Amino acid sequence: MATFKTRARALDMLGRQQIAGIPTAISELFKNAHDAYADRVEVDYYRTDRLFILRDDGLGMTKDEFLSRWLTLGTESKLLVKGADLPPVDHSKAKRTLLGEKGVGRLAIAIIGPQVLVLSRAIREDDLCETVAAFINWGLFECPGADLDQIEIPVRTFSNGSLPTSEDLAEMVGVCRRTLERLKGKFEDDKYAQISSELDAFDLDPSEIDGYLPEMSLADDGHGTHFIISPASEVLNSDIDDGWETDGAPNLFKMLRGFSNTMTPDHSRPVIQTAFRDHKNDDAYEDLISETTFFTPDEFKNADHQISGYFDEYGQFRGYVSIYGKDFSDHIISWKGGHGFPTKCGPFKISVANVQGQSRESTLPLEDWGQLIQKMNRFGGLYIYRDGVRLLPYGNTDFDWLDLERNRTKSASYYHFSFRRIFGVVEITSSVNKYLTEKAGREGFRENKAYRDLKSILKNFFIQLAADFFRAEANNEYYQQKRTELKHLDAARKRREELVSEKKARFIRELNTFFARYDKDEPQQLVTELIGRIQSDLTVAGNKEDSAEVAEAFLAVESNARFQLKELEGRYRVTKPRGVALSKDVTRDWESYQRIFVELQRSVFARARELVEGEVQEQAAQARVALDRRLRIERSLEELSADLKDMAKEERKATEERAELVNNEICFAAKTSVAKVNRVMSEVFADFARLNVTEMDDDSVLRERNNLETALIEVRDSEQNYLRSLQAQLEGIDTSGAPSQIEQMEALEQRTIALEEQAHADLQLTQLGMAIEVINHEFDSSVRSIRDHIRRLRGWADMNEGLENVYQGIRSSFEHLDGYLTLFTPFHRRLYRKKIEISGSAITKFLNDLFGERFKRHSVSLNSSSSFNKIKFLGYPSSFYPVFVNVVDNSIFWLKDQPQREILLDVMGGALVIKDTGPGIPERDHEAVFELGFSRKPGGRGMGLHISREVLSRENYELILMPTDTGTEFHISPAQEETEG
């Protein structure tokens with residue numbers, strides 16, 4: 001009797017060659033964990049060792065189940081057929097529909113790596129079973145001419161929660177090696193060498209690996225199934241890394257994210273939690289498929305448009321549609337493809353979010369819109385979930401199964417929808433949608449009648465949605481009206497930005513010019529020169545012979561002096577433009593300017609006027625000329641009055657010109673609007689006059705009447721809104737002195753800018769904190785590891801004379817580095833549960849140890865007074881040491897170009913003093929230096945002094961920048977308590 005024989009290669013063809021790639025294989029293993037009633041299934045990929053570990057905490061397998069199911073092809077165990085040996089069920093949990101039924105999941109492991117250690121421990125009726133271990137090298141099944149029963153799979157069991165040892169594993173690998181030797185004559189030489197090398201390299205300790213993640217351990221009370229694969233395929237790195245540069249996503253991200261539906265607001269709790277931790281080194285990893293990296297319910301709710309509803313068994317949709325936040329409930333979309341018969345695909349649910357492709361048409365804030373668009377470019381699409389678990393490849397942006405992208409190439413405005421602008425789910429169940437069956441290789445549904453119905457229904461759904469809401473001629477006009485409104489607001493915002501940007505730029509230039517001149521002491525120098533010229537002019541005037549001429553000359557010199565002083569003062573006057581919101585930096589400069597300019601007026605210009613008056617009076621006394629004081633005051637007032645008249649005349653003229661221009665534009669707009677109304681009315685009555693009502697049926701008459709009335713209503717509404725908008729803008733003009741509309745807008749924009757800057761600063765601090773945590777962890781673990789390895793190297797160096805010099809060199813260099821690292825001990829607050837006594841001498845020593853090399857390199861001397869070295873106070877080193885480090889570090893930088901380079905630590909009035917001989921801090925920056933993000937150091941982040949002041953304030957201390965003629969001086973002192981007045 002003839003029968004089929006099965007070659008070993010059949011297993012390779014059914015498994016590895018049937019799977020699209022590693023992400024698909026991992027997805028299949030996730031599904032198997034789901035079927036085993038696991039709560040968690042997690043992958044840990046250790047790149048440096050090319051070690052891939054997948055574990056679940058499911059029901060696991062007994063030895064009999066492993067042999068009869070896992071190692072048996074074509075089992076009926078997951079098919080509901082008579083006599084089938086069904087897999088175990090966890091009755092403490094809700095019943096799960098089996099997702100795997102073709103057995104490709106376990107065979108797909110071969111694509112992840114060439115060999116695997118399988119560990120499984122079953123739990124049955126609360127009793128834990130023996131641990132089952134099996135080792136498989138998949139390369140053996142590629143042997144030409146070998147039958148399947150010639151490949152021996154080593155299977156062992158271990159009791160009481162124990163795991164195989166390294167020796168046990170070596171014995172199991174030996175079984176595979178004996179199989180390889182028996183089949184050696186059938187393998188090509190290079191394939192034989194490859195498998196032999198792989199077997200040699202599989203030198204692992206399962207107990208050690210089990211301890212990597214104790215909460216998923218199989219030891220003690222643990223259960224589930226683990227797959228340990230080594231070496232993992234080199235393709236895995238590409239599946240993780242390749243794709244970001246094209247604004248897309250790597251295969252692994254696209255295939256494994258969203259294993260369960262977590263994006264819709266009403267989603268069910270996932271029955272299984274998934275993770276894929278990419279360990280790029282021994283201490284840092286990233287979970288690539290966490291829920292936070294996928295679409296979230298908040299993003300769904302905040303999208304511009306949402307559609308959610310149900311398709312019945314005839315393919316008819318009923319649900320709600322939300323367009324720009326306006327709900328259209330009980331919306332119906334019919335499908336005519338069923339011709340009155342129930343669909344083969346069955347009823348299903350859908351939830352879709354849609355975001356506008358241009359920010360000016362979206363209601364989302366710009367930053368949120370940008371982040372969501374980036375996500376959709378990478379992961380956008382319509383996902384299919386069966387019984388809460390994703391089906392591949394639906395949802396991938398490169399799988400246009402509904403022809404959305406192809407249709408958009410014909411007309412984007414007509415079809416509207418794109419996979420890169422939507423994200424959503426189609427939800428089906430195995431029981432209701434049983435005719436939707438997957439292909440063997442998990443590459444989508446079979447192209448049967450059920451799938452064709454599903455595609456036809458959804459294609460019609462998106463086309464009809466566009467027709468109902470999104471096209472220019474759509475039945476519902478709300479989308480077009482709202483989009484036009486958003487575009488109008490965006491255009492208005494851009495016009496305003498263009499209007500104010502030039503004013504703001506000019507204002508900033510004027511401020512910078514002022515500070516540059518002020519820092520050079522230009523005002524005082526020019527006033528001094530002016531006083532000198534006036535004195536010369538008065539001397540010349542006093543040489544005239546006629547006393548009347550002398551008196552008149554003195555008055556003329558005084559008048560000219562006042563004019564020149566006014567011109568000079570005006571040279572330094574900066575006017576803030578109206579209606580222009582300023583950033584924090586510019587606001588700070590403006591406030592500094594106001595303070596400095598007031599001081600200039602008091603100490604320079606007012607003083608100069610007094611000097612001029614005094615010089616005139618003194619010269620007149622010397623010339624024995626009597627000057628009429630009343631006449632001098634009168635002339636001064638007349639000059640000021642003339643200036644005021646000129647200013648009022650110019651501003652009035654400009655105001656009247658602007659008013660006339662606005663009046664003409666408003667009147668023209670109003671006339672144009674009325675003309676449009678009249679034109680539409682004329683057209684409507686002309687159309688009405690052409691109607692032969694007597695020959696029309698009632699429905700036609702009603703339809704024509706509605707059309708005519710609609711035309712009148714539309715023009716009424718549009719022009720009324722337009723004219724009322726103009727009226728509202730005119731109402732914003734307030735002459736009573738109350739805050740004007742433009743001032744209110746300025747205040748709102750100012751607050752918006754402040755909030756944006758604060759959010760940016762908070763993000764920077766958050767990122768800095770996270771980076772410090774990572775670096776701290778890296779340093780701690782790395783230093784411990786190096787210390788341990790140096791100790792181990794000591795033994796080798798003692799036995800090998802040639803290693804002694806190498807050992808001593810490494811040890812010396814590390815001890816030097818370790819000495820620097822120990823300097824940071826005071827920065828760890830967790831080491832100090834209580835405040836300790838800190839001395840000035842300890843601070844001095846710490847700074848010399850930390851900066852000693854830099855002090856030498858830059859010829860900077862650090863000196864501390866005896867009073868500083870003797871002072872002692874209670875505090876946390878982590879609060880005070882970093883402040884000294886930051887201030888001294890800044891001093892070293894600014895001292896590098898100074899002839900004298902000294903930093904002094906002292907005590908003054910109970911305050912700790914840090915003083916240097918540097919260039920000093922400009923007066924305009926005295927408060928700014930403590931603001932987050934402010935720095936005049938090239939490449940500086942502007943965080944040090946801000947954080948220092950904040951940390952000290954929590955200890956009830958103050959960090960103060962003291963005014964000084966030379967250098968920079970900071971004081972650290974206890975905060976003064978405010979007293980009630």
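Tutor: Before your questions, note that this is a predicted model, in which local features need pLDDT of at least 70 and side-chain atom pairs count only at pLDDT 80 or more, while totals for chains, interfaces and linings use all residues. Residues are numbered from 1 along each chain as its sequence is written, and side-chain values use heavy atoms, with hydrogens and water left out.

Student: How are α26 and α27 oriented to each other?

Tutor: Helices here are DSSP runs of H or I with at least four residues, and strands are runs of E with at least two, numbered from the N terminus. Helix α26 (residues 877-895) packs against helix α27 (residues 944-954) at an angle of about 155°, with the axes 9 Å apart; axes are lines fitted to C-alpha atoms, for helices over the stretch in contact, and angles run from 0 to 180 degrees between N-to-C directions. Since angles under 35 degrees count as roughly parallel, over 145 as roughly antiparallel, 65 to 115 as roughly perpendicular and the rest as oblique, α26 and α27 are therefore roughly antiparallel.

Student: How many nonpolar, polar and charged residues are there in the contact of α26 with α27?

Tutor: The contact (heavy atoms within 4.5 Å) is made by S879, F880, P882, V883, N886, V887 and N890 of α26 and by G944, L945, S948, V951 and L952 of α27. Ala, Val, Leu, Ile, Met, Phe, Trp, Tyr, Cys and Pro count as nonpolar, Asp, Glu, Lys and Arg as charged, and the others, Gly among them, as polar. By these classes the contact of α26 with α27 has 7 nonpolar, 5 polar and no charged residues.

Student: What is the make-up by class of the contact of α24 with α26?

Tutor: Helix α24 (residues 840-857) and α26 pack at an angle of about 35°, and their axes are 11 Å apart. Among the residues that meet are F846, L850 and R854 in α24 and Y881, V885 and D889 in α26. The classes come to 12 nonpolar, no polar and 2 charged residues.

Student: Where does P231 lie, given that the peptide bond from S230 to P231 is cis?

Tutor: Most residues other than glycine have a negative phi, and most peptide bonds are trans. The bond from S230 to P231, however, has an omega near -5°. P231 is placed in the loop between β6 (224-229) and α9 (235-241).

Student: Is H416 buried or exposed?

Tutor: H416 has a positive phi near 65° although it is a residue other than glycine, and its place is the loop between α14 (412-415) and β15 (422-428). With a relative accessibility of 11%, H416 counts as buried.

Student: What is the relative accessible area of D330?

Tutor: D330, in strand β11 (residues 326-333), also has a positive phi, of about 50°, without being a glycine. D330 is partly exposed, and its relative accessible area is 47%.

Note on methods:
Buried means under 20% relative accessible area, exposed over 50%, partly exposed in between (1.4 Å probe, protein chains only).
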